[in-house]
Amino acid sequence: MKTLRQKLFGLSVPALSALCAFVIVLMVLLIIGDIVLGGWGTLSWEFLSGVPKEGMTAGGIYPAIFGTFLLVVIMSIVGVPIGTITAIYLSEYASQRSILARVVRFAVNTLAGVPAIVFGLFGLGFFIQFVGIRMDQVLTGGVQLKWGQPNILWASLTMALLTLPVVIVSVEEAIRAVPRELREASLALGATKWETIRKVVLPNSITGILTGAILAVSRGAGEVAPILFTGAAYFLPKLPGSLSDQFMELGYHIYIMSTQSPDVEATRGIQYATTLVLLVLTFTLNFAAVFLRYRIRMKSIR
Amino acid sequence: MNTNGYKIRTINLSLSYGSKLALNEVSLDIKPNHVTALIGPSGCGKSTFLRALNRMNDLIDDARTSGEVLVDNINVYRDDVDVVELRKKVGMIFQKSNPFPKSIYDNVAYGPRINGIHDTKTLAEIVESSLERAALWDEVKDDLKKSGLALSGGQQQRLCIARALAVNPEVLLMDEPASALDPIATAKIEELIYELKSNYTIVIVTHNMQQAARVSDLTAFFYLGKIIEFNDTKTIFTSPKEKQTEDYVTGRFG
C-alpha cells in the first residue's frame, strides 16, 4: 500500500512538468498576443509603404523594410555560395579524420557560438577600420572617407559571417542525404568526382541549399548587434543607392524607437507594428525552412 | 585485344578494410564474351572482388588493395591508369537499381554527355540503341521524358543496364542485378544477360544458385575471401571437386 506521501509525490512530478511546459506556451502566446494587439491598429498600407515623419513619431517604415531586404540579399549572395562550397569540401573532399576537416568543423562550430555583438565589433575593426580605410587610401589617397565608414556592404559581410554556420550545416545535411547509390552510379559511368557533384549531388541537394539560405536570412533579419556599428542608420531621408551607403533596418529601427526616441509614448504604436512586421517576416521564413527540411528528411528515409 | 585470351586477370589480389581481410590472394582469369558467375555465402568477398575490378573500392576510405588486376593486360592499379577511363571500359550494374531522378532519356544520355557528346541527333541515336540493347526500347519509346523512377523495378534495372551500355563498355560487372526483382523481371534480365554476352564480357555476382547455373558459362565459388573452386558452371554444379563447393551448391550451408 502506498503512503499518502508517495501518492502526492507521484502526482506532483507530472503536474510540475506539465506546468513548466505550459509556462513556455503561455510566454509565446503572451508575446505574440501582445505584439499583435498592440501593432494591429497601426498596421496599414501607408505604414508599410511610407517613410518616417515628424521626428519618427508618425509615418511608415518602408526604408527599414527595404534596408532589411537589401541587407539579407547581399548577405545571401556572399554567404550562400561560400557556405555551400565549404559544405561540399567537408562532406565530399575532406577525409572525415583529416586534421584540416576537423579544424574547419571546429571553426564552424565556434563561429556558431560567438555572440552577435562580437561579430559587430569584428566587422567594425576588420571591414571598416582595416579593409575600408585601406581601400580609401588606395582609391582616393585617403582624402575622401568613402569605404572607411559604416555602410550596407560591410554590414552585409558581417551578417554573412554570422550566418555562415547555418548555411554550412544545412547544406551538409542535404548533401549527406543524397543516396550513395546515385553517386556510385555516376562514378561507375566514368564521371569524375566533380562531374558527380555538379550533376548528381548538387541538383539533389537544392532544397537543402535553399533551406540554409532561408534560415540564414531569417537569422540575419532578426539580428541587430552585427549591424549596430557596421552600417545601420538612425534615420535616412532616402533609400541606399550604392554599397557605400548606410541603411535603415527593422530590428535596429525598433531598438532606436524604444531607446533613443525623445517621445517613446508617441512611437509606441509604431514600435509594436514594426515588431509585428519583423516577426511575421522571420516566422514565415522559419516555417518555410522547417517545411523544406522535413521534405529532405523524408527523402533520405526513403 | 589481349594476347593471352583473357579479358581480365587478377593476380594475388588482396583487399582489406582497415584490419579486416576481405580478399586473400585471389587469382582469377575471366574470358571475353563469357559470363562468369561469382557465388558464395554472404561476406565471402565476391562483391568486394567485383568492385575491385573497376576500382569502386577506391571510394571506401580505409580499403587497401594489393596484387594486380589486369584488364587487357594492363594493371589497373598502376599509378598512371586513369580510373575514369577504366570505369568507362568496365561498367557496373548494382544490386539496387539506381536510376537518377531524371527522365529516362537523361538517364541514358548521362554517360555520353559527360563524355562531351552534346549533339541532339547523336545523343538520340545512342539513347535508342542502348535502350534497344537493354530490351527496354519498346516499352518506353513513347515516354522518354517520363522520370526513370516511375518505371517498375525490373524496368528500372534494365534502364540502368541501358545507361551502362551507353558509354560503350567492354566489360559489365553485375552485383546481384536481379535480387530485388520478381521472377518475371528476373527472367527478362537473365535473357538479356544471355544476349549481351556475344558483345560484352560479363561478371555477375549472385546469391541465387539456379541463376548462376542458368546464365553463366564459368563459376567461381568464394569462401572467406578465397576462391575455393573455379570451373565450368556445369562442373561446379554437377561434379565439384571440393567438398565445400558441393555443400554450398547443394544448399547444405550458406
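B:Leu224 is partly exposed, because 14 other C-beta atoms lie within 10 Å. By the rule used here, a residue is buried if 20 or more other C-beta atoms lie within 10 Å of its own, exposed if 12 or fewer, and partly exposed in between, with C-beta atoms placed from the backbone. B:Leu224 sits in the loop between strand E9 (218–223) and strand E10 (226–232) of chain B, and its phi is near 50°, a positive value in a residue other than glycine. Helices (H or I, at least four residues) and strands (E, at least two) are DSSP runs, numbered from the N terminus.

This is a predicted model, in which local features need pLDDT of at least 70 and side-chain atom pairs count only at pLDDT 80 or more, while totals for chains, interfaces and linings use all residues. Residues are numbered from 1 along each chain as its sequence is written, and chains are lettered from A and ligands numbered from 1 in the order in which they are written.

B:Asn33 also has a positive phi, near 55°, and is a residue other than glycine. Its place is the loop between strand E2 (20–30) and strand E3 (35–39) of chain B. B:Asn33 counts as partly exposed because it has 14 C-beta neighbours inside 10 Å.

| Helix | Length | C-alpha span, first to last | Expected span |
|---|---|---|---|
| H6(A), 152–177 | 26 residues | 36 Å | 38 Å |
| H7(B), 183–196 | 14 residues | 20 Å | 20 Å |

In H4(B), the buried residues are B:Ile126, B:Val127, B:Ser130 and B:Leu131. Seen down the axis of H4(B), they fall within an arc of 120°, so they line one face of the helix; the arc is that of the directions from the helix axis to the C-beta atoms. The face turned away from this buried side carries the exposed residues B:Lys121, B:Thr122 and B:Glu125. An α-helix has 3.6 residues a turn, so residues three or four places apart point the same way. The buried residues of H4(B) pack against helix H3 (104–114), helix H5 (137–140) and H6 of chain B. Two residues are in contact if their C-beta atoms, placed from the backbone, lie within 7 Å.

In H7(B), B:Thr186, B:Ile189, B:Glu190, B:Ile193 and B:Leu196 are buried. These residues are on the same side of H7(B), because they cover an arc of only 125° around the axis. They pack against E3, helix H6 (153–165), strand E7 (171–175), strand E8 (201–205) and helix H8 (209–215) of chain B.

B:Leu196 is also one of the contacts of B:Leu172, together with B:Gly91, B:Ile93, B:Ala164, B:Tyr200 and B:Ile202, leaving aside neighbours within four places in sequence. In the largest nonpolar core, which has 141 residues, the members that touch the most others are B:Leu38, B:Ala162, B:Ala164, B:Leu172, B:Leu173, B:Ile202 and B:Ile204. H6(A) gives the most to this core, with 17 residues. Such a core is a set of buried Ala, Val, Leu, Ile, Met, Phe, Trp, Tyr and Cys residues joined through C-beta atoms within 7 Å.

H6(A) is largely enclosed by the rest of the structure, because 23 of its 26 residues are buried. A kink of about 45° lies at A:Thr163 in H6(A), shortly before the proline A:Pro165. The bend at a residue is the angle between axes fitted to the seven residues ending there and the seven starting there.

Chain A has twelve helices and two strands. Its C-alpha atoms fill a box of roughly 80 × 65 × 35 Å along the principal axes. Of its 302 residues, 40% count as buried. Among contacts in chain A with a separation of 6 or more, 76% join residues 24 or more positions apart. A:Glu265 is in helix H12 (residues 264–301) of chain A and counts as exposed because it has 8 C-beta neighbours inside 10 Å. From A:Glu265 to A:Ala288 the C-alpha distance is 35 Å, over 23 residues in sequence.

The contact takes 14 residues from chain A and 20 residues from chain B. On the side of chain A that touches chain B, H7(A) supplies the largest share, six residues.

How values were computed. The expected span of a helix is 1.5 Å times one less than its number of residues.
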